[in-house]
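Hi,

Here is the structure I said I would pass on.

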Amino acid sequence: MRYIEPHGHMVSRTTDDYQAMVIAGCQAVCEPAFWAGYDRSSADGFRDYFRQITEYEPARAAKYKLPHYCWLCINPKEAEDLALARDVLALIPEFLAKPTVLGIGEIGLNRNTKNEMKVLEMHVDLAVKHNQLILVHTPHLEDKLKGTKLISDVLKSHPGVKPERVIIDHVEEHTIKRVLDQGFWAGITLYPDSKSSPPRAVDMIEICGRERIWMNSACDWGHSDPLSVPKACLEMRARGYSEEFIDQVVYQNPVRFLSQCPKFKVGAAG
Ligand SMILES: [Zn+2]
């Protein structure tokens, strides 16, 4: 079995997690910038974090021979402070040339506020200006459907955004079709007790197809499981899917999306 962990917050994980992921067949991990479990007090806190995910974390993963890539942004939760958001966005261009930075993410909405919308638009402008891939976080539970609509409206109304270069993550049963119908990629996040479980994820693939879908564990600082993608592979095996089918979902698909950034060099799809 081989797979890509396309969305993992490895700064929150232990070396045991790295080892377990590699043993399970992980070929690369990609770390979107996100909330760190606490609010940072200044843009300097983000500069340190960007250095952590572009310098220190790739070196830590390299000890397990695991390629580590990342995405940069100010997450929607901290983007409520517009002055801080502007300062952090101004930092990002200097990091975009780093060899493991894949794009802008995970941007999006948390509580669907006006300020979050403003910062979302600023990030989309930045991504288009620098020809970057985009990874989008969608809100939780009751805010998800409305937030997904607002996000896709922002993306569709921007003339520089190419939908095939955008992945909208944390889709669920009530948002996945809308995301795929608009030409975006859809990410299914597997959590032990929220977002999606492996059986629900496989149900969604059975309904919507597997063409532009990836699965990820998020494996952040909260209750989460860095092995949930290989566990979804077991669910597919149990339902009788071929190894080729499973490989497309958990390996070839993320490679195909991520290889749109020429810095991602983890084996060609196929
Ligand atoms: Zn995340």
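To start you off: which residues of H2 are buried? They are Phe 46, Phe 50, Ile 53, Thr 54, Glu 57, Pro 58 and Ala 61. Keep in mind that this is a predicted model.

Those buried residues of H2 pack against quite a list of elements: helices H1 (15-23) and H3 (82-96), plus strands S2 (26-32), S3 (68-72) and S4 (101-108). As for the helix itself, H2 covers residues 43-62, 20 residues in total. From first C-alpha to last, H2 reaches 28 Å, close to the 28 Å expected at 1.5 Å a residue. There is a bend in H2 too, of about 40 degrees, at Gln 52.

Now for the sheet. It's an open one, made by 8 strands in the order S1-S2-S3-S4-S5-S6-S7-S8, with parallel pairing. Strand S1 (3-5) and strand S8 (213-216) are at the edges and have a single partner strand each, so one side of each has no neighbour in the sheet. Going from one strand to the next, the twist averages 25 degrees.

Ile 168 has Ala 186 as its bridge partner in S7.

Cheers

Note on methods:
Residues numbered from 1 in each chain as written. Predicted model: local features only at pLDDT ≥ 70, side-chain atom pairs only at ≥ 80, totals over all residues. Helix = DSSP H or I, 4+ residues; strand = E, 2+ residues; numbered from the N terminus. Expected span 1.5 Å × (residues − 1). Bend = angle between axes of the 7 residues up to and from the residue. Buried ≥ 20, exposed ≤ 12 C-beta atoms within 10 Å, placed from the backbone. Contact = placed C-beta atoms within 7 Å. Pairing = 2+ DSSP bridges. Axes fitted to C-alpha atoms, helices over the stretch in contact; angles between N-to-C directions.
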